[in-house]
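Here is a briefing on one protein chain. Keep the sequence and the 3D view side by side as you read.

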Amino acid sequence: MNSFTWIATIMSMVLGLGVARLLTDFINAVRARRATRIDWVPLTWAFCIFLTQIQFWWAFGQLADSKPVWDFVNFLGLVTMVVLLFAAAAQLLPSSDSEREGELRQFFAERGRWALVTLSVYFVLTWIGNVTLFDTRILSVATALHLIMIALPMLVFASKSAQVQQGATALAVPFYVFDLVAASEPSLYNLLD
């Protein structure tokens with residue numbers, strides 16, 4: 001078994017746990033809609049985190065071809081990124097009945113918004129990884145996209161204004177969708193450069 005195979009196994013396990021956690025919390029939030037007032041902002045960020053998890057899973061599969069030799073530093077970076085995605089998924093939505101009492105907006109304002117800080121840190125590491133592992137130029141469309149994907153969650157986290165949070169959340173969706181599509185077709189970045 002080469003090093004990439006066992007690294008991929010560990011990454012897939014943690015990513016799978018994060019996807020399962022996010023989907024379970026999302027379904028439970030929707031199920032509790034009679035007892036809990038639903039808010040689209042945290043549910044939209046759940047969608048964005050889900051897209052990011054899928055995008056990472058896909059991009060990780062492409063690493064086998066681009067990086068034949070792995071060292072501990074690269075492994076540690078990947079583990080950190082996967083753990084950040086899991087933490088973002090675990091923090092965003094309420095996971096227990098007691099946490100789901102009241103409004104989803106209130107839970108998000110008090111605890112769930114910290115998932116967005118975690119998501120932004122993930123994208124900082126992604127940017128660093130793209131520059132070091134994939135030789136992405138520091139100033140490129142991919143870099144600009146990641147800077148936006150760092151800034152928008154931080155704007156929602158830092159803002160107390162519901163309108164700013166809603167606007168930044170709505171603005172984020174096309175960037176996260178584009179990032180997912182570009183992962184399957186990297187030449188999209190080249191067309192924009």
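A residue counts as buried under 20% relative accessible area, as exposed over 50%, and as partly exposed in between. Phe72 has 57% relative accessibility, so Phe72 counts as exposed. This is a predicted model. The chain has nine helices and two strands.

**Overall build**

- The order of elements from the N terminus is α-β-α-α-α-β-α-α-α-α-α.
- The C-alpha trace spans about 50 × 40 × 25 Å along its principal axes.
- Of the 193 residues in the chain, 44% are buried.

**Aromatic pairs**

- How many aromatic pairs are there? Ring centres must lie within 6.5 Å to pair, and by this rule the count comes to six.
- One of them is Phe72 with Phe75, a tilted pair. Their ring centres are 6.2 Å apart, and 45° lies between the planes.
- Both Phe72 and Phe75 sit in helix α3, which covers residues 72-92. They are three residues apart, about one turn of the helix.
- Is Phe75 buried or exposed? Phe75 has 14% relative accessibility, so it counts as buried.
- Phe123 and Tyr176 form an edge-to-face pair. The centres are 5.6 Å apart, with 80° between the planes.
- Phe123 belongs to helix α6 (residues 114-133) and Tyr176 to helix α8 (residues 162-184), so this pair ties together parts that are 53 residues apart in sequence.
- Phe123 has a relative accessibility of 1%, so it counts as buried. Tyr176 is buried too, because its relative accessible area is 2%.
- Ring pairs also build a cluster. Its members are Trp45, Phe56, Tyr122, Phe123 and Tyr176.

**A charge over a ring**

- Which residue lies over the face of Phe157? It is Arg113, at 4.4 Å from the ring centre.

**Salt bridges**

- Side chains of opposite charge can pair when their charged atoms come close.
- The structure holds three salt bridges. Each has a side-chain nitrogen within 4 Å of a carboxyl oxygen.
- Asp25 and Arg21 form one of them, at 3.0 Å from N to O. Both residues lie in helix α1, four residues apart, about one turn of the helix.
- Asp25 has a relative accessible area of 2%, so it is buried. Arg21 has 27% relative accessibility, so it counts as partly exposed.
- Glu103 and Arg37 form another salt bridge, with their closest N and O atoms 3.5 Å apart. This pair links distant parts of the chain. Glu103 is in strand β2 (residues 102-103) and Arg37 is in strand β1 (residues 36-37), 66 residues apart.
- Why is Glu103 called partly exposed? Its relative accessibility is 33%, so it counts as partly exposed. Arg37 is exposed because its relative accessible area is 58%.
- Asp39 and Arg105 form a salt bridge as well, and their closest N and O atoms are 3.3 Å apart. Arg105 is in helix α5 (residues 104-112), and the two residues are 66 apart in the chain.
- Are Asp39 and Arg105 buried or exposed? Both are buried.

**A nonpolar surface patch**

- Which residues make the nonpolar surface patch of about 220 Å²? They are Phe26, Ile27 and Val30.
- Ile27 is located in helix α1, which covers residues 3-31.
- Ile27 has a relative accessible area of 46%, so it is partly exposed.

**A contact across the sequence**

- Ile150 is located in helix α7 (residues 141-158).
- The relative accessibility of Ile150 is 16%, so this residue counts as buried.
- Where does Val124 stand relative to Ile150? The two are 26 residues apart in sequence. In space they are 6.8 Å apart, C-alpha to C-alpha.

Conventions:
Residues are numbered from 1 along each chain as its sequence is written. This is a predicted model: local features need pLDDT of at least 70, side-chain atom pairs count only at pLDDT 80 or more; totals for chains, interfaces and linings use all residues. Side-chain values use heavy atoms; hydrogens and water are left out. Patches are made of residues with over 30% relative accessible area and no salt bridge: like charges are joined within 9 Å, nonpolar side chains (Val, Leu, Ile, Met, Phe, Trp, Tyr) within 5 Å. Accessible areas come from the Shrake-Rupley method with a 1.4 Å probe; for residues, only the protein chains shown count as cover. Buried means under 20% relative accessible area, exposed over 50%, partly exposed in between (1.4 Å probe, protein chains only). Rings of Phe, Tyr and Trp (its six-membered ring) pair if their centres lie within 6.5 Å; planes under 30 degrees apart count as stacked, over 60 as edge-to-face and the rest as tilted. A charge sits over a ring if NZ of Lys or CZ of Arg is within 6 Å of the ring centre and within 35 degrees of the ring normal.
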